[in-house]
Amino acid sequence: MKYAADSSMASPTSANGEYDPKIDPARKPRRSTDPGWKYAYWPDLENKDKVECLLCGDDFRGGIKRLKQHLAGGYGDAKLCPKSTSELRKEMTAYIESNKRKRPIYLGEEEEEVVEVAANGSAAVHENEASVVESQASKVQPKPSSGTAAKRRQATLQFKASDNKKKPQTKAPKSVVEMMRKTPEEMVDERLAESYQPTIVSITKSKEEKEYVDMQWALFFYECGIPFNAAASRQFHIAVEATAQYGSGYKPVTPYQLGEPLLQKAVKATSTMREDHERAWKHYGCTLMSDGWSDKRGRHLINFLVNSPEGTYFLESIDASSEVHDANMLADLLEEKIEGIGRDNVVQVVTDNGANFKAAGKLLMERIPTMFWSPCAAHCLDLMLEDIGNLKEFKKPIARARRVTTFIYRHGRVLSAMREKTGGADIVRAAATRFATSFLTLKSMYKHKDELKSFFVSPVWTGNKLAKTKAGLDVHDIILSTQFWNSVEDCLRASAPLLIVLRVVDGDERPAMPEVQALMKHAKEKITQSFAIQTKKSLLKSIMAIIERCWEKQMDHPRAAMYLNPGKLHPLIRDDDDATVGQLRGCFLDVLARMVEDEDTRDKINAQAMDYEYLRGNDFSNKMAKDNIATMSPRKCCCSILISARVHYGNLIPAASEHYFQS
């Protein structure tokens, strides 16, 4: 016997001199090129259908193919090897996919029907083409899958063909309901626009069925630690709607699919998405935005994004840790990105308000005459809040509030008891910027002032040993201090109107620049009214000086946006505010002179701007145009009003208007 001859040979030994079957060449096929055998062997030579994994020690029935699925992962009936690496998974998956083939199997002697069977053994036969007559699977003995079974022509299943000719496999036609049904994207967009009508199927579902589905999603979020705001994501709604339209029996994606094929498709889709953005950049113009930040490793990274009516597109992120961030370096870097996008496409560049970026912006405007540099309004407001918070009247209450929140959130029992008093609400509020967080936390503390006072005089607090510590006594005195709460009120009077402006300029729901000037004017009026008493005049003077210094000096770029916002311009005209209207028109003309070099074209655009200002001509004097002044989005209004100019002057008007509406 061959086995006896093999056993008579010198057996492989391990380091301690004992026989090691894992390195015995007799326990693997001699001439096989299958890469799976590098990680497997036959633990039992009498049963070669059983293989054992060299990495984790698990054994499998089904031969080397089952073990390759075990190493690759993503196959329902084969558990992923815990010691398999990403490279190994890719290798095994590639080999399995490349060796998939269709081979003919002759089923029985009487039937001439040939059925195409994939490499995994599944028959590609339609339900109306063949019916199962007899299953012999239980009678077939286990066979090794190293290639021997592939040579056998005897089928394990016999099918009785209903037709001698094989019919082509065709896709089932869609029903009328499926053809008329809206896509998941359309359904979600309608739902978000509040124009959604529930389907008949959803109406027939009971309240208990809806609650059961909701609970399953909630458990998924809790178990996986997914942030709750992910439920508000548009893509989450689309995925849920797509699953519902698919129907019962949908098999969820596997970790392998998410990490490999689907990820590659997403990357490809992102590349296609850029083509749509590039068309918008060319048609409307765009804004290049840069955002510098430092990661946990101390590297200084700069993100570059491009904004247009198509949306915001992430361009790239670079590591600038080794560079000196002076004006020339930043200007060269920004100019390189502008050339990559297209010099004629970039209308403006938005950066933060640092002196080096401001100098770089001026250099860029000299190099590219038709481009504007604009500081970041959100960063300007953040610096404004920082300076206001550093006033002596506000610095002390902010520091005391920080001591309170640090103490409460450092001690779990105190935090739990505090949340019981506030109904589960937190007093620390995160915001878009660091200094806005301080003022929002003050606002939250003031909202729960009575609950905090009640907690720090309750038996729960007085009976706690922390109440007798120095830090505990300090926090207790702060919360019960009338002077502290009066100072908090002043902080909120100074910051609340500015936080409203920050929320607008930092949001994506509407263009910020058409609103920001009017909002800042309104914010200054509210702050002035809040401190309209004799004892607060000096404080008001300090606050207004900070606002004027930060806003007027930082945001000193042309303010033509408000001129092209009919909802803001025409109320000023009705109120006979000629000074403001004249200033805005001057800003518009400055931008027009910079962006449009041809004098005749400039004169034609200026003439149409006069018609727009005085509501003259066919485009501006009709009833619909006047009715849309207060309701239509500034960008849409501008595009509709100037559509005739767009026809005559190409991209000049869109590019100009796009600058006005970028933030």
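User: Which residue stands opposite Glu52 in β2?

Analyst: In this predicted model, the residue that stands opposite Glu52 in β2 is Tyr41. Strand β1 (residues 40–41) and strand β2 (residues 50–53) are paired in the antiparallel sense, over two bridges.

User: What joins β2 to strand β3?

Analyst: Three bridges join β2 to strand β3 (residues 59–61), and these strands run antiparallel; Val51 has Phe60 in β3 as its bridge partner. Five residues lie between the strands of this hairpin, where Gly57 takes a positive phi near 90°.

User: Why do the buried residues of α3 line one face of the helix?

Analyst: An α-helix has 3.6 residues a turn, so residues three or four places apart point the same way. In α3, the buried residues are Leu88, Arg89, Met92, Thr93 and Ile96, and, seen down the axis of α3, they fall within an arc of 125°, so they line one face. The face turned away from that buried side carries the exposed residues Glu87 and Ser98, while the cover over the buried residues of α3 includes α2 (63–72) and α9 (255–259).

User: Which residues touch the most other members of the largest nonpolar core?

Analyst: In soluble globular proteins, nonpolar side chains tend to be buried together. Here the largest nonpolar core has 60 residues, of which Met384 and Ile543 touch the most other members, and helix α20 (residues 482–505) supplies the largest share of this core, twelve residues. Leaving aside neighbours within four places in sequence, the residues in contact with Ile543 include Ile388, Phe394, Ala494 and Phe531.

How values were computed:
Residues numbered from 1 in each chain as written. Predicted model: local features only at pLDDT ≥ 70, side-chain atom pairs only at ≥ 80, totals over all residues. Heavy atoms only, no water. Core = buried A, V, L, I, M, F, W, Y, C linked by side-chain atoms within 4.5 Å. Buried < 20%, exposed > 50% of the residue type's maximum accessible area, 1.4 Å probe, protein only. Helix = DSSP H or I, 4+ residues; strand = E, 2+ residues; numbered from the N terminus. Contact = heavy atoms within 4.5 Å. Arc of directions from axis to C-beta. Pairing = 2+ DSSP bridges.
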